[in-house]
Amino acid sequence: GVDGGACWGNMQASVDFREDVVNGIIKSICFGTVVTWIAVYQGFECPPSAEGIARSTTRTVVYSSLAILS
């Protein structure tokens, strides 16, 4: 039941471009870099077998999740 113009105006008033949007972009670049380095390391240390690839993939997902959440 809220007017669309009022909703849009309140959102524009409460979101600061420099603080909110730029910080989000910086965080996404940092997290992407961390996840990429974890994946590259796990890929280089991976045993050359189907089981080794599966374990390294699982380890990459777990380590990346822990790195982002902590």
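This is a predicted model: local features need pLDDT of at least 70, side-chain atom pairs count only at pLDDT 80 or more; totals for chains, interfaces and linings use all residues.

Trainee: What box do the C-alpha atoms of the chain fill?
Mentor: Take the box along the principal axes. Its dimensions are roughly 60 × 30 × 20 Å.

Trainee: Which pattern does the chain follow along the sequence?
Mentor: Start with the secondary structure: three helices and zero strands. Read along the sequence, that gives α-α-α.

Trainee: How are α2 and α3 oriented to each other?
Mentor: Two packed helices are described by the angle between their axes and by the distance between those axes. Helix α2 covers residues 17-44, and helix α3 covers residues 50-69. Their axes come within 9 Å and cross at roughly 150 degrees. An angle over 145 degrees counts as roughly antiparallel, so α2 and α3 are roughly antiparallel.

Trainee: How many nonpolar, polar and charged residues are in the contact of α2 with α3?
Mentor: From α2, the contact uses F31, V34, V35, I38, A39 and Q42. From α3 come S56, R59, T60, Y63, S64, A67 and I68. Sorted by class, the contact has eight nonpolar, four polar and one charged.

Trainee: Is T60 buried or exposed?
Mentor: T60 sits in helix α3, and the contact with α2 includes T60. Its relative accessibility is 14%. The cut-off for buried is under 20%, so T60 counts as buried.

Trainee: Which residues does T60 touch, leaving out those up to four places away in sequence?
Mentor: Look across to α2, whose side of the contact includes I38, A39 and Q42. With the sequence neighbours left out, T60 touches I38, A39 and Q42.

Trainee: Is L66 buried or exposed?
Mentor: L66 is also a residue of helix α3. Its relative accessible area is 53%. Exposed means over 50%, so L66 is exposed.

Trainee: What separates the C-alpha atoms of L66 and R18?
Mentor: Along the chain, L66 and R18 are 48 residues apart.

Trainee: What share of the 70 residues counts as buried?
Mentor: T60 counts as buried, while L66 is exposed. Over the 70 residues of the chain, the buried share is 10%.

Note on methods
Residues are numbered from 1 along each chain as its sequence is written. Side-chain values use heavy atoms; hydrogens and water are left out. Axes are lines fitted to C-alpha atoms, for helices over the stretch in contact, and angles run from 0 to 180 degrees between N-to-C directions. Helices (H or I, at least four residues) and strands (E, at least two) are DSSP runs, numbered from the N terminus. Angles under 35 degrees count as roughly parallel, over 145 as roughly antiparallel, 65 to 115 as roughly perpendicular and the rest as oblique. Contact means heavy atoms within 4.5 Å. Ala, Val, Leu, Ile, Met, Phe, Trp, Tyr, Cys and Pro count as nonpolar, Asp, Glu, Lys and Arg as charged, and the others, Gly among them, as polar. Buried means under 20% relative accessible area, exposed over 50%, partly exposed in between (1.4 Å probe, protein chains only).
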